[in-house]
Amino acid sequence: MWRAHPGRRLLEYALLTVTAGALFGGGVGWLLGHRDVADTCWAAGTALAVVPAVTWVVAALRRGRVGVDVLAVLALAGTLAVGEYLAGALVGLMLATGRCLEAAAERRASHDLRSLLEHAPRSARRRDGRNVVVIPLDTVVPDDLLVVGTGEVVPVDGEVAAGPAVLDESVLTGESAQVERRTGDTVRSGVVNAGGVFEVRATATAAQSTYADIVRLTRQAEAERAPTVRLAERCAAWFLPLSLALAAAAWLASGSATRAVAVLVVATPCPLLLAAPVAIVSGLSQCARRGVVVRDGGALERLGRARTLVIDKTGTLTVGRPRVLEVVGAPGGPSPAEVLRLAASLDQVSAHVLAEAIVREARARGLSLTVPEDVAEEPGRGVTGSVDGHRATVGRTGLPQADLPEWARAVDNRALLDGAAGVWLTVDGTLSGALLLRDPLRTDAPRTIRRLRTAGLNRLLMLTGDRPEPAREVGVVLGLDDVRAGQLPTDKITAVREESDRAVTVMVGDGVNDAPALAAADVGVAMGARGSTSASEAADIVLTTDRVSRLADAMEIAARARRIAVQSAAAGMALSLAAMTAALLGRLPPAPGALLQEAIDVAVILNALRALLPPRGTRPALEPEAESLIHRFATEHDDLRDTLDAIREAAGLLATDRGPRALAAVREIDHLLTERLLPHEHAEERELYPALNRRLGPETTDTMSRAHAEIERLAERVGTHLHLADTEGGLRPEQLDDLRASLYGLHTILRLHFAQEEESYFSLTP
């Protein structure tokens, strides 16, 4: 790919100024009747354009490419030879304009590795007996005993010698959840110590370690990426020899060099030099308006031709940080809301990523937290302290699964099935509750995947360092073609290269571990809002907003810009061929031919500027009222999550209890439904859906309205069961199956309904 050096860009803009000045000066002289002055100005402009044009052609030939500039050089030389100076000046201006537009389309930020190198440690702390000394990183040898403090980066690959070690491995795997490594477990360089101080026994030097491999792979992938054949060059492959053949035929048939020059003048591929860059630059502008930074026009062209997408999971398709999925209270113990409040109160003092998620969820639900006392945190175990006069622990249970009570084993099983992390609450020595946390799917991810397929992608592959269970679930929900879990940076770069051999491939990622694959792909796309700097540096396209839907925007814009560029180039060349035929027959002299070519330029450029208009249907423009309502109801969804938890807990309780405790749970559910949930659904039906219908059409909300009706039907059914129980003095055996089915059905419909609203409507707003 040609890249404009700053000196070359200066030359191109200077040439544009000179050729425009020469053309204007000659025009003034001609109007004043000084034909000799006009010819001198036009000839000077033509001659000045020849030198850089020849330089560009020679440079292209050295790279093994024969570009469309060859025709421009021949036309310039021909007009000088036969004295058609006005035609030459017009060709020179066209050439300078095209090069300047090309330079604007090809500016590209450097793909340096600053952030990778900044993250890498420069030294290590080695234990020598009772002393700890700081040594240069490159002096570490296998079997050295190294000390890694809290927040420090593991300097080399090794094994935990004294642990446990609580590690943030997201820099390598992209996974936000912290992991615990015990004595003897392997640790890799580049990961961050998120727990207490531990010791690691080196098994490799710094140069042989994992992090050095990532840096090396990124450099190698950038160096090995094949140059891109641009749209103009592909068209020139047949247009150039055809033009030369027609010019030769004109000369041979007429014996006049002027006629051959006339053919070359109208053959000068202005549509290729101007229309294609204008369309691509317009596409770049459209992308920038949507928070998508495209490094150069070539990247946009390749994106428009892409057929395969390789995408990371964590931080790309998912939010990138854990969120509370479910809160469970032990039978006879605290309610789910109280479990969350106690756990969050204690976790306020912890920096663990799961603790932050628990506190964030409690505050989002408006729970009042207590400042804990006498707090102690054991890395890998959890936090212990006093909350409201009770001794509580949040973290691991410390019990084998066989010793867990039945309700806890059920929670543990749900955690396994959902691919969630379990956090347990113990109060005064009694296991009292649990919280399930998971990195949730982005609300705009399903819509984005559908839009990407519509835009032209036919194979979607997800690569992730996560476990197979949650990876497969994401793949099923999104309808991906292939899912590969447990992927290391080396695995990702191999997969990207395999896909690139079959089709133009886009790689999307956000972590340091994605940088090599981003550099190896035909088009690398980085989630730059919260992703790593190295991923952004290695990418061709950076999404500056934390919305994966911007990828679909970029894909649609790229496909449209490329389509307009092809249309403009094809129409312009067809008109040029018609003009060449007229010149071949002697009906079009060089100067009028140059003017006609400029008219063709204007037509194709105006067509190319259509790429500045937003693609149709990329994102419905909502009214401010609708956006405000979406934000309001999205907040209410967060507030109602405890209601969904309570519905499921009540349904589970009915399986083991039909006494007063179960009846009280059902009564609480009826209260939550009538006082909180149903008013929310009614408000959506009255306020949100009409606001959406005005912009999106009533068919958009019809199915959601049907879901509202089903939710209300089940809520009334639960109320009827409660009325019967009050009449009979308690729940009757014949009620239990239907009541439990109603509660489970209500929980399932609500989860699906919330997900559909968040995907279909809430994802439409920033």
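Helices (H or I, at least four residues) and strands (E, at least two) are DSSP runs, numbered from the N terminus. The structure is a predicted model, in which local features need pLDDT of at least 70 and side-chain atom pairs count only at pLDDT 80 or more, while totals for chains, interfaces and linings use all residues. Residues are numbered from 1 along each chain as its sequence is written, and side-chain values use heavy atoms, with hydrogens and water left out.

**Strands E12 and E17**

- Strand E12, spanning residues 323–329, is mostly covered, since 5 of its 7 residues are buried, where buried means under 20% relative accessible area, exposed over 50%, and partly exposed in between (1.4 Å probe, protein chains only).
- E12 runs antiparallel to strand E17 (residues 430–438), and 6 bridges join the two; strands pair if DSSP finds at least two bridges between them.
- Within this pairing, Glu-326 stands opposite Leu-436 in E17.

**Helix H24**

- His-682 lies in helix H24, which covers residues 660–696, and His-682 counts as partly exposed at 32% relative accessibility.
- The C-alpha atoms of His-682 and Glu-712 are separated by 9.5 Å, although these residues are 30 apart along the chain.

**Helix H25**

- Met-704 belongs to helix H25 (residues 702–728) and counts as buried, with a relative accessibility of 5%.
- Leaving aside residues up to four places away in sequence, Met-704 touches Tyr-689, His-753, Gln-756, Glu-757, Ser-760 and Tyr-761, contact meaning heavy atoms within 4.5 Å.
- Between Met-704 and Phe-754, 50 residues apart along the chain, the C-alpha separation is 9.8 Å.
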